[in-house]
Structures are given as C-alpha cells and as structure tokens.
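Reader: I'm new to this one and would like a close look at a single part of it. Could you start with the overall picture and then walk me in to one helix?

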Amino acid sequence: MAIEDSKATMPGKLITVEGLDGSGKSTQIGLVKRWLELEGYKVFFTEWNSSPLVESATKAAKKRQMLSPTTFALIHGTDFADRYERQIVPLLHAGYIVLSDRYVYTAYARDTVRGCDPVWIRHMYRFARQPDLTLWFRVPVDVSLSRAVGRSRGLNYYEAGMDIGFSSDSTESYRIFQTKVHEAYERMSHEFPFYILDATRPAGEQQQEFRDLIRKQLDLTQYLRPRAPAEQSP
Amino acid sequence: MTATTATTQRAYFGAGIPEINLVTLRGRLIVIEGPDSAGRSTQIRLLRDWLERSGYASAQTGLKRSRLVGKKLQDVMQGYSLGPLTFSLYYATDLADQIENVIVPALAADFIVLADRYVYTPIARDVVRGVEVRWIEGVFGFAIVPDVVLYLDVKPEVLAERVLGNLHYLDYWESGMDIHRDGDMYASFISYQQQIREQFIAMAPKKGFHIIDGDRDAEVVAQEVKDTVESTIDLP
C-alpha cells in the first residue's frame, strides 16, 4: 500500500465538508448525497468516526472518559484509516463521487487544540490524498453553540473539550474549545484550498451554492451509474 | 542546567506524549520481541522470577492488552479485515493507552516493565506489507525508547513445528494470509515468518537489538537473557 495514491490514477472525485459542530454541514452534504443518488450518479457517503471496526470502542471509551489527547488522536486515525483503505480508495478507483463528512482537517484542528504535536498529527494522516473539493461551512462560534446546545442529547464531554480542562462548565468549555477549533480552520483556510461557504445563510441557498459548485467543478456525466440491464434498450 | 543522573536518559522516538514528563520515570523498560512460539512468555516469566527474587518489582505489558481497545482489536482480527494502515494505527492506539496507563505509572514507581513485544512487531509487519517505514516509525513517535530489546530468533521451520505441535493449526495473521497469493498455508507461514525475521535482523544493528538464538532449551536461553539484561542496563 503506497502512502500517497496519486489522484491521476483514481477516476473518482473526493468532496469533503468541514466546520464546527452545528454548522449545518452534515445536513447540507446529506442533501447533496440524496440529489446525486436521485439523479443516478455513483455516489458514496462516509462520515467521521463511523468505522465498524473501531466505532464501538471509541464510543465506550468516550462514555468512560478513557481517552487522552494521544489516544483520542490515534483512535480517530484508526477509524479514518479503515474507512480510507476499505472504502474511500477503492471507490475512488471505481469512479465514484465520494462525499466525506469531515476529513483530515478535523483531526488537524481538534488534535492540535488538544495539545498534540502538529507535525505528528499531519504525519499520521500523510497517507490520505487531498480532496478535489473541500467546503468549509463557516459560522460564528455563538451560532454553532446555540445549535449544538439545542440538540436533545446536549453537549458531550469530548465535543465540549471538557477533557482539556478549559473550564468545568460544559457550555463555557465548549465555547473556548470551539473558538480554538474555529481559529484552526481559519488558519488552514490560508494553507489549503478551502471553499468558504457562509453557513449563516438560509439552508436552501447554501444547498444551491453547493450544487452549483459541484456542477462547475465536475463533469457529472462521467459519474453516471451504469443502467441496469433490464433498462437497456434492445 | 539539567540535573543529569548517572542512569539512562529517557527519550521518546519522536514528539512523545505532551503531558508526560520523562524525567520522573526511573524504572526500566525491557522489551522481548520475537514471533509466536519463540518462547517470549516463558522468557518473560523466568525474567520476572529472577527480578523479583533480586528484589525488583515488575509490571507486564504486551500487544493487544490495553483497556482501551485490546479486546476490540482481538475481536476485529478474527474477522480478517484490517488493512495495513488500519492495522498499524490500531496497534498504535493500543500501545499508547498502555504507555499512558501501565508503562508510565510503573516506570514512575521504579518498576521494571517487561514488554511482550513493542513497536517493532507492528513496524516489521507493515514494512512487509509495503507500508513506508518512515510513516509507520513516525506514527510510533509517541512511544518511549526502551532500555533494552531482546529478539528471540527462531527459524520459521522450527516455529511451524512448535505452533503445530501446540495448537495443531496456523494462525491466519501469523501466516501472512492477508497478503498471501499462492501455495498452501504452511508455505505462506514459512515465507511470511522469514520476511518478518529478515526485517528484525535488518533492524537489529540500527536499533541496538540483542539477537538471541531461541532454538535452544528455555533454561539456556533464559541464562543468556539474564546475562544480556545485566550487562546492558544498570538496575535501579
């Protein structure tokens, strides 16, 4: 397994979204997935922290607050590697549009805010290819906070960055943590070709902007799903 | 300005673990490497008996034993579905958790930590699978450099005989079946174990491993293990 698979050898396209919790990125990428599926394109969706090989261990560890910054980084790296090796790369080779809710940038931001060595974090993810398109759903921290707090399940310990010890008050800790993550995205937006989307605008407008961007950057006809044999003309 | 003691300087392979201060760790870290059935657990038991008889407290650690992911990783490996990058990162997660929760507390309490395999096995396994050595070594940059590494060297044919004699079957991963293309499982075991062995022998001079011929009686091997430990590290 080569560490860096060249984009040229993979006909598929990789589209990723980044942003704070509550920025609306998951809703938006979910709608894009539905749109592409319904239009008959080869599309695959993957999200952060969802590998069946790792996820249950991560969940249990979070519940019992067993993760340090180092193991937090590594367990998420493991989760990503599994999805990358088993799904993202093969599907890109097979000419799919792969939609990824969060990508390596999430790790770059969160793990360094947690105090991990930034060089080490980037090294860990060096096997991951650059996406063809990354949208940063930019919202002010206060907006993210009000949306995240409004969720029924409330703020969890690690989402709020309680493990770092910024504050014993979860809302205050969340605000400090997310502010630092937001600043990390801001810095990365100068280093990587992020498309910045104003995520305070109405959801429908955001969706149109997202779809326009995809139509502009991809020749969608290349990603049409082959018709099922029964539908083929005689 | 640093108050250097006469004892070994502790170091990380890379950036390390930010919140752990190595200066306070005065114990010793002894690693026993080698393939399955090379006699690692026997040697660790004998080494521990000797250390405890001499008055040194010891602690043990090994791959896939973390509270965090040890059990899960063992389960997942029954499903034969880990890619090489995932494999390494999973082992790294497991080891990092043990460094933080077993090795560091033990070293801080002046214990001798006996590690049944360490970073080197996942590194060797990955290199054999074509993963870039610089990447995998960098991932393990959080790990503490051990005081001594002993590699129990046993020829693959002898290993196969021992494994089959004990278990009557060859393990999927230890036979390299995930990267196997042709021939039967026995042939795969032999060629895979030989590749791993060559990695260890190549690493030995660079990393300062002590290669110990494991194809001898356990007592003879134990004597050499003990002599090597005594001559290479000063016990605290």
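This is a predicted model: local features need pLDDT of at least 70, side-chain atom pairs count only at pLDDT 80 or more; totals for chains, interfaces and linings use all residues.

Author: A compact globule of 234 residues would have a radius of gyration near 17 Å, and chain A comes out at 18 Å, so the two agree. Along its principal axes, the C-alpha atoms of chain A fill a box of roughly 70 × 45 × 35 Å. Take the contacts in chain A with a separation of 6 or more: 78% of them join residues 24 or more positions apart.

What is chain A built from? It has eight helices and five strands, and from the N terminus on they run β-α-β-α-α-β-α-α-β-α-α-β-α.

Now over to chain B, by way of the place where the chains meet. There, 31 residues of chain B are in contact with 28 residues of chain A. On the chain B side, the elements that give two or more residues are α2 (70-77), α3 (84-108) and α5 (133-139). Of these, α3(B) gives the most, with ten residues. Sort the residues on that side of chain B by type and you get 17 nonpolar, eight polar and six charged.

Next, the inside. In soluble globular proteins, nonpolar side chains tend to be buried together. Here the largest nonpolar core has 121 residues, and Ile103(B) and Val113(B) touch the most other members. Helix α3(B) turns up again, giving the most to this core with 14 residues. If you click on Val113(B) and skip its neighbours within four places in sequence, you'll find it in contact with Ile103(B), as well as Ala106(B), Leu107(B), Ala59(B) and Thr61(B), among others. Its partners also include a run of Gly27(B), Arg28(B), Leu29(B) and Ile30(B).

Which of its residues are buried? They are Ser188(B), Phe189(B), Tyr192(B), Gln193(B), Arg197(B) and Phe200(B). An α-helix has 3.6 residues a turn, so residues three or four places apart point the same way. Keep that in mind as you read along the buried positions, from Ser188(B) to Phe200(B). What covers them includes the strands β1 (28-33) and β4 (148-153) and the helices α4 (120-128) and α6 (156-167) of chain B. Finally, look just past the end of α7(B): Gly208(B) takes a positive phi of about 70°.

Note on methods: Residues are numbered from 1 along each chain as its sequence is written. Chains are lettered from A and ligands numbered from 1 in the order in which they are written. Two residues are in contact if their C-beta atoms, placed from the backbone, lie within 7 Å. Helices (H or I, at least four residues) and strands (E, at least two) are DSSP runs, numbered from the N terminus. Ala, Val, Leu, Ile, Met, Phe, Trp, Tyr, Cys and Pro count as nonpolar, Asp, Glu, Lys and Arg as charged, and the others, Gly among them, as polar. The radius of gyration is taken over C-alpha atoms; the globule rule is 2.2 Å times the number of residues to the power 0.38. A nonpolar core is a set of buried Ala, Val, Leu, Ile, Met, Phe, Trp, Tyr and Cys residues joined through C-beta atoms within 7 Å. A residue is buried if 20 or more other C-beta atoms lie within 10 Å of its own, exposed if 12 or fewer, and partly exposed in between; C-beta atoms are placed from the backbone.
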